[in-house]
Amino acid sequence: MHTVAVLSLKGGVGKTTVALGVASAALRRGARTLVADLDPQGNATTSLDPPLTDRTLADVLETPVRSVLERAIAPSVWSDQIDVLVGAEELEMLNEPDADIRRLENLSRALDELHTNPLREEPYELVILDCPPSLGRLTRSALVAADSALIVTEPTMYAVSGARRALEAIEKIREEQNPGLRPIGVVVNKLRVRSYEHQFRVAELRENFGPLVMPTAIPDRLAVQQAQGACSPIHEWHSPGAQEIALTFNMVLAKVLRSSRAGRHRVRGDEGPEPTEEPAKLSDTGTG
């Protein structure tokens with residue numbers, strides 16, 4: 001079970017779009033997937049449209065036990081191959097900036113339980129953590145729980161600084177709490193190919209982050225909003241724009257699944273001996 005955190009420290013860049021796009025690609029591939037909606041806005045939950053549950057991710061973060069976890073997970077309207085760890089507005093109350101280490105590890109404990117004792121006979125191959133656009137407890141919990149991290153940005157003047165802060169956050173969590181965490185790419189979203197400004201900003205991102213920037217950006221297409229509004233996977237939305245975007249998400253998913261960190265790690269105190277290999281620095285981390 002591979003866990004990927006999808007994050008951005010700037011709002012409005014389409015982070016949930018990327019999380020759902022990767023989930024759509026996983027569905028097309030036949031990979032059983034769980035989407036955990038950590039964003040208090042709950043857009044991923046809305047688009048996946050699961051039935052009502054009497055527990056949510058907010059309850060799991062406070063009490064990461066099996067009985068609560070089972071009641072907070074529901075099948076999506078997309079397929080019984082895509083489940084949702086349901087988000088809620090109450091998550092905002094848990095997003096304190098200075099949560100203690102034990103509380104930051106609760107999500108990891110919950111996912112370890114799913115890895116050790118799957119809810120169904122067919123375990124999850126992929127868990128996607130849709131993070132809020134801030135660096136409070138919710139995003140930090142996701143980075144503690146994740147095997148890899150995918151940064152979403154847009155081609156604007158704020159893109160470089162936002163991506164840089166996200167990479168710094170990943171590095172900090174890796175050094176202090178999760179040595180297995182790897183940044184696997186920077187995804188540029190909402191690209192207008194004919195915009196000189198957008199092309200300039202993409203070049204700037206590549207200059208700053210090199211091979212971490214995904215080779216293909218996600219174009220700005222109305223099909224994304226149409227598919228999400230219809231609670232449909234982008235791969236099943238039949239328009240030329242949707243099919244173009246779907247191919248890009250296939251590439252992103254392939255990168256996620258090729259990530260060197262392929263399985264669950266245990267939270268501190270539950271794992272075996274510390275790894276002897278020194279984790280690679282961000283400057284040494286590529287996409288291949």
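Me: Which residues of α8 meet α9?
Reply: This is a predicted model, and in it Ala 159, Val 160, Ala 163, Arg 164 and Leu 167 of α8 meet Glu 204, Leu 205, Asn 208 and Phe 209 of α9. By class, the residues of this contact divide into six nonpolar, one polar and two charged.

Me: And at roughly what angle do the axes of α8 and α9 cross?
Reply: The axes of α8, which covers residues 159-176, and α9, which covers residues 196-209, cross at roughly 30° and come within 10 Å. The crossing of these two helices is right-handed.

Me: OK, what about α7, how many of its residues are buried?
Reply: Nine of the nine residues of α7, residues 137-145, are buried, so this helix is largely enclosed by the rest of the structure. The buried residues include Arg 137 and Arg 140 as well as Leu 138, Leu 143 and Val 144.

Me: Which residues make the contact between α7 and α8?
Reply: Arg 140, Leu 143 and Val 144 of α7 make the contact with Ala 169, Ile 170 and Ile 173 of α8. By class, that contact has five nonpolar, no polar and one charged residues.

Me: How do those two helices, α7 and α8, lie to each other?
Reply: Their axes come within 10 Å and cross at roughly 55°, and α7 and α8 are therefore oblique to each other. In this crossing, α7 passes α8 in a right-handed sense.

Me: Where is Ala 169 found, and is it buried or exposed?
Reply: Ala 169 is found in helix α8, and it counts as buried because its relative accessibility is 6%, where the cut-off for buried is under 20%. Leaving aside residues up to four places away in sequence, Ala 169 touches Leu 135 and Leu 143. As for Arg 140, that residue and Ala 169 are 29 residues apart in sequence and 8.2 Å apart in space, C-alpha to C-alpha.

Me: Back to α7 then, what does it meet in α6?
Reply: Arg 137, Ser 141, Ala 142, Val 144 and Ala 145 in α7 meet Asn 106, Leu 107, Ser 108 and Leu 111 in α6. The classes in this contact are five nonpolar, three polar and one charged residues.

Me: And the geometry of α6 against α7, at roughly what angle do they cross?
Reply: The axes of α6, residues 106-116, and α7 come within 7 Å and cross at roughly 45°, which makes α6 oblique to α7.

Me: Switching to the core, which residues touch the most other members of the largest one?
Reply: In the largest nonpolar core, which has 54 residues, Leu 57, Leu 85, Leu 129 and Leu 143 touch the most other members. The largest share of this core, eight residues, comes from α8. As background, nonpolar side chains tend to be buried together in soluble globular proteins.

Me: What does Leu 143 touch?
Reply: Not counting residues up to four places away in sequence, Leu 143 touches Ala 5, Leu 7, Ala 149, Ala 169, Ile 170, Ile 173, Asn 178 and Leu 181. There is also a second, separate core of 37 residues, and Ala 19, Leu 20, Ala 23 and Val 84 are among its members.

Me: New topic: what is phi of Lys 190, and where is that residue found?
Reply: Phi of Lys 190 is near 60°, a positive value in a residue other than glycine, and Lys 190 is found in the loop between β7 and α9. With a relative accessibility of 28%, Lys 190 counts as partly exposed.

Me: What about Cys 231, where does that one lie?
Reply: Cys 231 lies in the loop between α10 and α11, and its phi is near 55°, again a positive value in a residue other than glycine. Cys 231 counts as partly exposed, with a relative accessibility of 22%.

Me: Last one, how many helices and strands does the chain have overall?
Reply: The chain has 11 helices and seven strands, and 56% of its 288 residues count as buried. Among contacts with a separation of 6 or more, residues 24 or more positions apart account for 81%.

Notes. Residues are numbered from 1 along each chain as its sequence is written. This is a predicted model: local features need pLDDT of at least 70, side-chain atom pairs count only at pLDDT 80 or more; totals for chains, interfaces and linings use all residues. Side-chain values use heavy atoms; hydrogens and water are left out. Axes are lines fitted to C-alpha atoms, for helices over the stretch in contact, and angles run from 0 to 180 degrees between N-to-C directions. Helices (H or I, at least four residues) and strands (E, at least two) are DSSP runs, numbered from the N terminus. A crossing is left-handed if the near helix is turned anticlockwise from the far one by less than a right angle, and right-handed if clockwise. Contact means heavy atoms within 4.5 Å. Ala, Val, Leu, Ile, Met, Phe, Trp, Tyr, Cys and Pro count as nonpolar, Asp, Glu, Lys and Arg as charged, and the others, Gly among them, as polar. Buried means under 20% relative accessible area, exposed over 50%, partly exposed in between (1.4 Å probe, protein chains only). A nonpolar core is a set of buried Ala, Val, Leu, Ile, Met, Phe, Trp, Tyr and Cys residues joined through side-chain atoms within 4.5 Å. Angles under 35 degrees count as roughly parallel, over 145 as roughly antiparallel, 65 to 115 as roughly perpendicular and the rest as oblique.
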